[in-house]
Amino acid sequence: MKKTGLPAIAVLSLLGLLAVLTLLAPQLLREREDGRLLALSVLLRDTDSSGWNAARQGMEQAADELGAELRWLTLTVPNDTREQEELLRREAEGGADAVIAVPADPEALRSALDRLAAPCPVVTLECAMEGSAGTAAPDNGEVGRRLAEALLEDWSGGDVLLLDNSGDCPETVPRLEAALEALTAAGVPAVRGTALPEDAPPAWVMTFEDGATRRAAAGKEGAEGFALYGVGASTAVTAQLERGAIAAVAAWSDYAAGYLAVRQAVQALRERSRPLDPLPFSIVRGEDIYAPENQKLLFPVTS
């Protein structure tokens with residue numbers, strides 16, 4: 001009985017192995033086809049990339065793990081929509097497998113994407129773009145709402161100035177609008193402005209992007225003047241938060257954003273992508289800056 005059973009067992013084992021290999025074959029072939037380094041172009045909307053150090057480290061880590069190489073491209077004029085469109089066309093036609101972009105104008109960039117002769121996956125940072133392969137960003141409306149809630153916890157009367165730099169940073173639009181809605185619902189007078197008044201600034205100021213937060217903090221005289229609520233996790237913003245020049249910030253990991261953007265681009269090329277969840281973020285006050293979870297966010301240790 002044992003002798004007659006062995007061939008049957010061997011045949012069943014062989015059939016099982018063949019079934020497994022059949023299931024794995026498409027994936028193994030795809031991995032072999034993807035053996036070359038993938039070329040990913042990163043299109044910024046700035047004239048330099050110094051403000052993207054943390055995101056760049058995250059991108060480079062993901063690229064190293066996933067077999068990709070990065071090409072960083074900046075604009076000659078900040079937020080030049082036409083130049084960014086031209087860079088997208090040039091990179092796609094020049095052999096870029098995918099593009100990671102910080103849109104100067106999401107609608108214009110989408111139109112440029114639609115006009116490409118060959119499809120090219122585009123993943124965006126900061127703000128969503130219709131037709132993209134994914135977006136590595138927080139829920140921008142939720143960022144504004146929760147930042148407004150932090151201000152409401154402290155508010156003792158007076159107008160709130162919402163600094164609007166949406167012309168340069170489209171992601172700030174839903175942040176500002178959600179903050180304005182929350183403040184208005186609470187009966188707090190809020191006004192929009194593009195700059196701090198030179199004399200008699202309001203007692204309360206909100207900003208919605210790292211650069212605007214840095215500039216507003218620098219405009220304060222010491223830690224006095226107005227109470228500032230902003231967005232950002234850069235070294236400069238963290239230093240101002242620590243000194244008390246900023247009351248609270250909405251912060252998330254730019255390193256994680258960069259890492260996820262590259263991973264999403266690679267997965268889109270390998271037809272394994274799924275929608276990215278919004279990046280988690282925290283509202284951080286100065287007194288909580290050294291809490292363990294905030295230290296990891298504001299003082300990331302990278303190799």
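Predicted model: local features only at pLDDT ≥ 70, side-chain atom pairs only at ≥ 80, totals over all residues.
User: Why is Gln264 called buried?
Analyst: The relative accessible area of Gln264 is 2%. Buried means under 20%, and therefore Gln264 counts as buried.

User: What makes Glu126 count as buried?
Analyst: Glu126 has 14% relative accessibility. The limit for a buried residue is under 20%, so Glu126 also falls in that class. Glu126 lies in the loop between β4 (122-125) and β5.

User: How many strands form the open sheet, and what is their order?
Analyst: The open sheet has five strands in the order β2-β1-β3-β4-β5, and their pairing is parallel. From one strand to the next, the twist averages 25 degrees.

User: Why are β2 and β5 said to stand at the edges?
Analyst: β2 (68-73) and β5 (134-136) each have a single partner strand, which means that one side of each has no neighbour in the sheet.

User: How do you know that β1 pairs with β3 and with β2?
Analyst: Two strands pair if at least two bridges are found between them. β1 (residues 38-43) is joined to β3 (residues 98-101) by four bridges in the parallel sense, and β1 is joined to β2 by six bridges, also parallel. Ser41 faces Val99 in β3, and Leu38 faces Ala68 in β2.

User: What makes β1 largely enclosed by the rest of the structure?
Analyst: Of the six residues of β1, five are buried, and so β1 is described as largely enclosed. For the whole protein, 43% of the 303 residues count as buried.

User: Why is α3 called roughly parallel to α4?
Analyst: Helix α3 (residues 81-93) and helix α4 (residues 106-114) pack at an angle of about 30 degrees, and their axes are 9 Å apart. Angles under 35 degrees count as roughly parallel, so the description applies to α3 and α4. The crossing of α3 past α4 is right-handed.

User: Which residues make the contact of α3 with α4, and how do they divide by class?
Analyst: On α3 the contact is made by Thr81, Gln84, Glu85 and Leu88, and on α4 by Ala108, Leu109, Ala112 and Leu113. By class, this contact has five nonpolar, two polar and one charged residues. Glu85 is a contact residue of α3, and Glu counts as charged.

User: What is the secondary structure of the protein, and what share of its contacts join residues at least 24 apart?
Analyst: The secondary structure comes to ten helices and eleven strands. Among contacts between residues at least 6 apart in sequence, 66% join residues at least 24 apart.

Terms used
Residues numbered from 1 in each chain as written. Heavy atoms only, no water. Helix = DSSP H or I, 4+ residues; strand = E, 2+ residues; numbered from the N terminus. Axes fitted to C-alpha atoms, helices over the stretch in contact; angles between N-to-C directions. Parallel < 35°, antiparallel > 145°, perpendicular 65-115°, else oblique. Left-handed = near helix turned anticlockwise from the far one by under 90°. Contact = heavy atoms within 4.5 Å. Buried < 20%, exposed > 50% of the residue type's maximum accessible area, 1.4 Å probe, protein only.
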